[in-house]
Amino acid sequence: MTGDVAPPRLAPLSALHAARSPGLTRDKEVDASQEARQLVPPALLQGAREALQRIGQNGHGTYGVTSTVRGEGRTSIATALAIVEWLDHERRVVLVDLDLEQPSLHQRLGLREGPGIRDLVQGHNSVEDYVQRIVGDVWLLSAGRSRDDAPRGLNRLAESTIMSQLSEWADVAVFDLPPLLESVTGADAARLCATPILVVRAGVAPMPQVKEAVERLAAPPPVILNGVRSAVPRWLRRSLGDTR
Amino acid sequence: MRFFETLFRHPLVAILPILVCLLVAAGYQASQPKSYTSTGSLYIDASVPGNSPLNAANQYVDPSTLQQSAIQELLTTRSFAIAVGDKGPLAAYLASHPRAESTGLGAVPLLSSLFSSSKTSVDDQVANDLTNMVIVATGGPQVVNITVTAPSPSVAAGTAQAVIDEYASQTTAALTSTDRVAVQYYDQQLGQAEATLQRAQQQLSAYLAAHPTVPSTGIGNATATELAQAVTLDTTSYQSVLSQYQSAELSLANVGSQTGFQVLDAPSASATPVSSSKKLVETGLAGLVVGLLVSVLLITALTAMDRTSRRAEDIRRTLGLEVAATIGRFPPSAAGTRRGNAL
């Protein structure tokens, strides 16, 4: 079902990271802003912007982006949400890879695998020492190198002060969560976030599965419908009364 | 709308069945043997009592329509079909060309073994095929055309002639039977009238012999007058029955000329085969319709099987959730170009 899902491409970042210093001058900020816009396709940024307006959180917040199955665009949308929060509101955003079973965010962003959450939960370290800059004031807390089992890692995270550290250090935390039905930690990870967002990719997960995934969440989540494209010609859609 | 979405998402599913059906139709048509037609025309004589609309239940029916119906009815009977086959060249042709009668899928070379039944007798083949080979149509109020389509010109002409001959034969047999019954009936009636007349004549003769003074006309004698009148009455009756008897005998003798129709145009063998373009178009249209049906069924099945969400309405209606944003599909190259790092 997910074989036809082609993830969008990101602009290169490795060179950018090597030269980047913690403090950004005005010129560098403009460059970073342009760089951020090139990271994610405009349609994705626009969708993320629209979703954030609808969801309507101001200031500090934790968004958890989840889905029913893999391949629905969680990581792309989580990245887009993080970038929009920084671009539009100049908030410090930390993007957290909570998919401890199959972490991929660092690879996609061209960053190091770790240290990350798995390493962080094993000691009493500061979050600030583990984050990697993506672009501008958008930071990544990767899943980490350690290969402990995911449920134990998640339990340690829930019991640790990392969540509160994240809230203090960043304005907004966006969690790239594991899928609800394809991961044993999907539902538990979603409960760590104030606002879980369900990504549904058109034509991927059957509706009964999506319904089952929703039932695993504490409250009905807002949905971002991803990958929508009508194959019907516009003239036919118009004649059938579909004006969109 | 979901149907059209499926249709445009899987155009091959929609197009392939149509193409396959069209190809099968074209192959089927190409595998059909050449066919030839022969037509015979009959002129229906409305003056013949059996053909008169006055005798029909519906007086507005043309004589030709009556005859057309009669021929079509007969064609559906096995005995008539077999008689036509035997009278004409059809039975012999089918016996010498075991697969010539194959039509439909049985005519396709690779499928012939599946669809042709070798155990079918020639009579059965004739009975089965003749109805499809013969078209009976009216050419006007008094003209009936009988057209036979067959695999060879001679078989077409011979079978058309055989249909006409057998129909004439059947009509003659029916008329002969009716006239025979009439002759028998009037013969019996004539005998009775003759006996009655003889009795009356004998009584009158006996009375006149016993009373010589009475004139032979019986005038002046009441009894003689009564007997003479009886003789006159019986004579009239006898003559009437005799006339009817003679008429019935005449009708029986001339039954062959009272079939009610004449052959205007005898069937002739045409060397030009029937044009296949019309059949090709018809078969092609049939293939197109079948293909379209299959396509519609497949697309409907695919639509019913697709239980994923495609539109925001699906989410709202099925799950009752708020859709915060809808993001369209974009090509992978829509993002930055400096590195092909997939997100």
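## Strand pairing around β5(A)

Two strands count as paired if DSSP finds at least two bridges between them. The model described here is predicted. In chain A, strand β5 covers residues 138–141, and Gln132(A) stands opposite Leu140(A) of this strand. Strand β4 of chain A, residues 132–135, pairs with β5(A) in the antiparallel sense through three bridges. The two strands form a hairpin with two residues between them. In the turn, Gly136(A) has a positive phi of about 50°.

β5(A) also pairs with strand β3 of chain A, residues 93–97. Here the strands run parallel and are joined by four bridges. Within this pairing, Val96(A) has Leu141(A) as its bridge partner in β5(A).

## The two faces of β5(A)

In a regular strand, side chains alternate between the two faces of the sheet. Both faces of β5(A) are covered. Val138(A) and Leu140(A) are buried on one side, and Trp139(A) and Leu141(A) are buried on the other.

## Nonpolar cores

The largest nonpolar core holds 77 residues. Leu81(A), Ile83(A), Leu95(A) and Val174(A) touch the most other members of this core. Helix α4 of chain A, residues 74–89, gives the most to the core, with nine residues.

Leaving aside residues up to four places away in sequence, Ile83(A) touches Ala36(A), Leu39(A), Val40(A), Leu45(A) and Val138(A). Another core, of 33 residues, lies apart from the largest one. Among its residues are Leu42(B), Leu94(B), Met133(B) and Val134(B).

## Packing of α3(A) against α4(A)

Two packed helices are described by the angle between their axes and the distance between the axes. For helix α3 of chain A, residues 42–55, and α4(A), the axes come within 8 Å and cross at roughly 75°. Angles of 65 to 115 degrees count as roughly perpendicular, and α3(A) and α4(A) are therefore roughly perpendicular to each other.

On the α3(A) side, the contact is made by Leu44(A), Leu45(A), Gly47(A), Ala48(A), Arg49(A) and Leu52(A). On the α4(A) side, Ser76(A), Ile77(A), Ala80(A), Leu81(A), Ile83(A), Val84(A) and Asp88(A) take part. By class, the contact comprises nine nonpolar, two polar and two charged residues.

## A residue of chain B

Ala26(B) belongs to helix α2 of chain B, residues 11–31. This residue counts as partly exposed because 14 C-beta neighbours lie inside 10 Å. The C-alpha atoms of Ala26(B) and Thr283(B) are separated by 7.2 Å, although the two residues are 257 residues apart along the chain.

Methods. Residues are numbered from 1 along each chain as its sequence is written. Chains are lettered from A and ligands numbered from 1 in the order in which they are written. This is a predicted model: local features need pLDDT of at least 70, side-chain atom pairs count only at pLDDT 80 or more; totals for chains, interfaces and linings use all residues. A residue is buried if 20 or more other C-beta atoms lie within 10 Å of its own, exposed if 12 or fewer, and partly exposed in between; C-beta atoms are placed from the backbone. A nonpolar core is a set of buried Ala, Val, Leu, Ile, Met, Phe, Trp, Tyr and Cys residues joined through C-beta atoms within 7 Å. Two residues are in contact if their C-beta atoms, placed from the backbone, lie within 7 Å. Axes are lines fitted to C-alpha atoms, for helices over the stretch in contact, and angles run from 0 to 180 degrees between N-to-C directions. Angles under 35 degrees count as roughly parallel, over 145 as roughly antiparallel, 65 to 115 as roughly perpendicular and the rest as oblique. Ala, Val, Leu, Ile, Met, Phe, Trp, Tyr, Cys and Pro count as nonpolar, Asp, Glu, Lys and Arg as charged, and the others, Gly among them, as polar.
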